[in-house]
Amino acid sequence: MKHYKWVIHEEIGNAGIAPFEPGDHVLSHVDHAEGMDGAGATIESAKPTTVYMVNFFNTKTGSEVKNYQWVTEDELSPMKK
């Protein structure tokens, strides 16, 4: 899978405490995306940030999406009232 956007530290096998660096080769334990559990991966970029699991209404498909993983804090903004 190319260009998978976000994987959290806890989804990487034997992650330890230290952050990963671009170019590091890791083993993915992502179980919420088909084909990612147990797959080898290369870190393209890494940044310390807060991530969220969200529920939202997809305005393009008209369907509700539950427990979408992962959205970073800078990808969110307050809803307009």
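In the protein chain, 24% of the contacts with a separation of 6 or more are between residues 24 or more positions apart, where a contact means heavy atoms within 4.5 Å. The structure is a predicted model, in which local features need pLDDT of at least 70 and side-chain atom pairs count only at pLDDT 80 or more, while totals for chains, interfaces and linings use all residues. Residues are numbered from 1 along each chain as its sequence is written, and side-chain values use heavy atoms, with hydrogens and water left out.

**Overall architecture**

The protein chain has zero helices and four strands, and its pattern along the sequence is β-β-β-β. Both kinds of element are DSSP runs numbered from the N terminus, helices being H or I with at least four residues and strands being E with at least two. Taken along the principal axes, the C-alpha atoms of the protein chain fill a box of roughly 40 × 25 × 20 Å. The accessible surface of the protein chain comes to about 6,700 Å², and 53% of that area belongs to carbon and sulfur atoms; such areas come from the Shrake-Rupley method with a 1.4 Å probe, and for residues only the protein chains shown count as cover. Of the 81 residues in the protein chain, 21% are buried, a word that here means under 20% relative accessible area, whereas exposed means over 50% and partly exposed lies in between (1.4 Å probe, protein chains only).

Strand β1 is joined by four bridges to strand β2 (residues 37-42), and the two run antiparallel; two strands pair if DSSP finds at least two bridges between them. In β2, Asp37 is the bridge partner of His29.

Val26 also belongs to the largest nonpolar core, which has five residues, the others being Ile12, Ala15, Phe20 and Ile43. Such a core is a set of buried Ala, Val, Leu, Ile, Met, Phe, Trp, Tyr and Cys residues joined through side-chain atoms within 4.5 Å. Ile12 is found in the segment before β1 and, at 8% relative accessibility, counts as buried. Leaving aside neighbours within four places in sequence, Ile12 is in contact with Val7, Phe20, Val26, Leu27, His29 and Ile43. Although Ile12 and His29 are 17 residues apart along the chain, their C-alpha atoms are separated by 5.6 Å. Ala15, with neighbours within four places again left aside, is in contact with His9 and Phe20.

**Glu11 and Trp70**

Glu11 likewise has its place in the segment before β1 (25-29), and at 7% relative accessibility Glu11 counts as buried. Not counting residues up to four places away in sequence, Glu11 touches Leu27, Ser28, His29, Val30, His32, Gln69 and Trp70. With Trp70 there is also a polar contact of 3.2 Å between the side chains. A polar contact is a pair of N or O atoms within 3.5 Å; within protein, one must be able to donate a hydrogen and the other to accept it, and residues adjacent in sequence count only if both atoms are side-chain atoms. Trp70 is found in strand β4.

**Backbone details**

Most residues other than glycine have a negative phi, and most peptide bonds are trans. The peptide bond from Gln69 to Trp70, however, is cis, with omega near 0°. Asn14, which is not a glycine, has a positive phi of about 50°, and Asn14 lies in the segment before β1. Asn67, found in strand β4, has a positive phi near 55°.

**The aromatic pair**

A search of the whole structure finds one aromatic pair. The ring centres of Phe56 and Tyr68 are 5.7 Å apart and the planes are at 80°, so the pair is edge-to-face. Phe56 lies in strand β3 (residues 51-57) and Tyr68 in strand β4 (residues 64-72), so the pair ties together parts that are 12 residues apart in sequence. Rings of Phe, Tyr and Trp (its six-membered ring) pair if their centres lie within 6.5 Å, and planes under 30 degrees apart count as stacked, over 60 as edge-to-face and the rest as tilted.

The table gives the accessibility of some residues named above.

| Residue | Relative accessibility | Class |
|---|---|---|
| Phe56 | 32% | partly exposed |
| Tyr68 | 40% | partly exposed |
| Asn67 | 48% | partly exposed |
| Asn14 | 82% | exposed |
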